[in-house]
Amino acid sequence: MMRWMFSVAVGAILLSGCLTRQFENPVGSGEAPDPHVVWDAETDHYYLLFTRGKEVRIFRAKTIAGLRDGESKVIYEPREEDVILGAIWAPEMHKAPNGKWYVYTSGLVEKGSVWGPKRLFILESKTSDPFDGFVYKGKPDPDLYAIDPTVLTWKDGRQYICYSEVKSKPERRQVLVIRELENPWAFGSRQAEIARAELAWELIDQRINEGAFFVRSPDGRRLFCIYSGNGCGCDDYALGVLEHTGGDLCEAKNWKKHPRQLLVKGNGAFGPGHASFFRSPDGTELWCAYHAMRASNPSRKGTKRWLNFQKVEFDETGYPQMGICNGRGPHEVPSGEQ
């Protein structure tokens, strides 16, 4: 009898362990627009940041399923002395060659509408552990109206930032600009506009290219810049692909825009976009974290956007493959997740 009860208990534990190997989209009990996810082997945690407007809050967990509702900590709140008044959008956290983490984001600098002028600003971690807190480092350009910064660290340690610059003349639009960094918190002098809305699928709603993120092919030979096109409240908000064709990163001619979207609506997810990409805990897989609406939004007005995850495949040439949103699931978790 005791042996039978022990066997049943062990079986239940194994079954429970098996069930934790899957997750369902969307993840978490609340919305998570503009999600940025990273796995850190040093601390053995996933970290999540997303648009919260009134603050920068960092979440951490051991699993992607528990990330949105995991342990969290506020690392920055708007301060008048910083001339950051709110509407903080799309924070990202990147580790620099100096071993510290840096948060890149943007915030409102004038009282009024959340759609008013924004400036990029940067936070620096106190230690190599993001949960030990951050300090404000400043604005790399006090006059630049831009949002959605992301960072690339090149093979030789040089760093580049890509952001969506907001232009108002001759018409309002957002373009992608890449710029060298002098150090993790200061711009260098060289820059180039590498993308603007021009393809038919990008022109369904507004003229926007935003939410860039750099991705390398598995062999490291190809470099892509994944971005979002259209307005974020549009069902057809989607991921597009730029590719570096070689040479100077700060030369517009060295970037090619591919005509087809990388990820589009489907399976109950609408307007998928503003993605980040991260390696699985064992380093063998590339995963995408993106937001999507749970219902069609024909009015294109602001609505809730939820956290979704999807594994990225690559074809034989090293080009990324995603296609249609993978939907609710269940789906297998990233490789190496405990």
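## Buried cysteines

A residue is called buried when its relative accessible area is under 20%. The structure described here is a predicted model. In this model C325 has a relative accessibility of 0%, so C325 counts as buried. C225 is buried as well, because its relative accessible area is 0%.

How many disulfides does a search of the whole structure find? The count is 0. A disulfide requires two cysteine sulfur atoms within 2.5 Å. For C225, the closest cysteine sulfur belongs to C162 and lies 4.3 Å away, which is too far for a bond. C325 takes part in no disulfide either, since the nearest cysteine sulfur, in C288, is at 9.0 Å.

## Nonpolar cores

The largest nonpolar core holds 20 residues. Those touching the most other members are L176, I178, I194, F214, L242, L249 and W255. Several strands contribute to this core: β11 (159-167), β12 (173-183), β13 (186-195), β14, β15 and β16 (238-244) supply at least two residues each.

With residues up to four places away in sequence left out, L176 touches C162, Y163, S164, A192, E193, I194, A195, N209, E210, A212, Y227 and L242. Another core, of 19 residues, lies apart from the largest one; F224, V241, L262 and L286 are among its members.

## Strands β10 and β11

Is strand β10 (residues 146-153) largely enclosed or largely open? It is largely enclosed by the rest of the structure, because 7 of its 8 residues are buried. Strand β10 runs antiparallel to β11, and 6 bridges join the two. L152 stands opposite Y160 in β11.

β10 and β11 also form a hairpin, with 5 residues between the strands. G157, in the turn, has a positive phi of about 95 degrees.

## E243 in strand β16

E243 is found in strand β16. Its relative accessibility is 10%, so E243 counts as buried. Which side chain makes a polar contact with the side chain of E243? The partner is H258, at 2.8 Å.

Beyond its neighbours within four places in sequence, E243 is in contact with R222, L223, F224, N254, W255, K256 and H258. Of these, W255 is also named among the residues touching the most other members of the largest nonpolar core, while F224 belongs to the core of 19 residues.

## The open four-stranded sheet

An open sheet of 4 strands has the order β6-β7-β8-β9 and antiparallel pairing. β6 (89-95) and β9 (134-138) stand at the edges; each has a single partner strand, so one side of each is left without a neighbour in the sheet. From one strand to the next, the twist averages 30 degrees.

Strand β8 (residues 118-125) is joined to β9 by 4 bridges, and the two run antiparallel. E124 stands opposite V135 in β9.

How values were computed: Residues are numbered from 1 along each chain as its sequence is written. This is a predicted model: local features need pLDDT of at least 70, side-chain atom pairs count only at pLDDT 80 or more; totals for chains, interfaces and linings use all residues. Side-chain values use heavy atoms; hydrogens and water are left out. A nonpolar core is a set of buried Ala, Val, Leu, Ile, Met, Phe, Trp, Tyr and Cys residues joined through side-chain atoms within 4.5 Å. Buried means under 20% relative accessible area, exposed over 50%, partly exposed in between (1.4 Å probe, protein chains only). Contact means heavy atoms within 4.5 Å. Two strands pair if DSSP finds at least two bridges between them. A polar contact is a pair of N or O atoms within 3.5 Å; within protein, one must be able to donate a hydrogen and the other to accept it, and residues adjacent in sequence count only if both atoms are side-chain atoms. Axes are lines fitted to C-alpha atoms, for helices over the stretch in contact, and angles run from 0 to 180 degrees between N-to-C directions.
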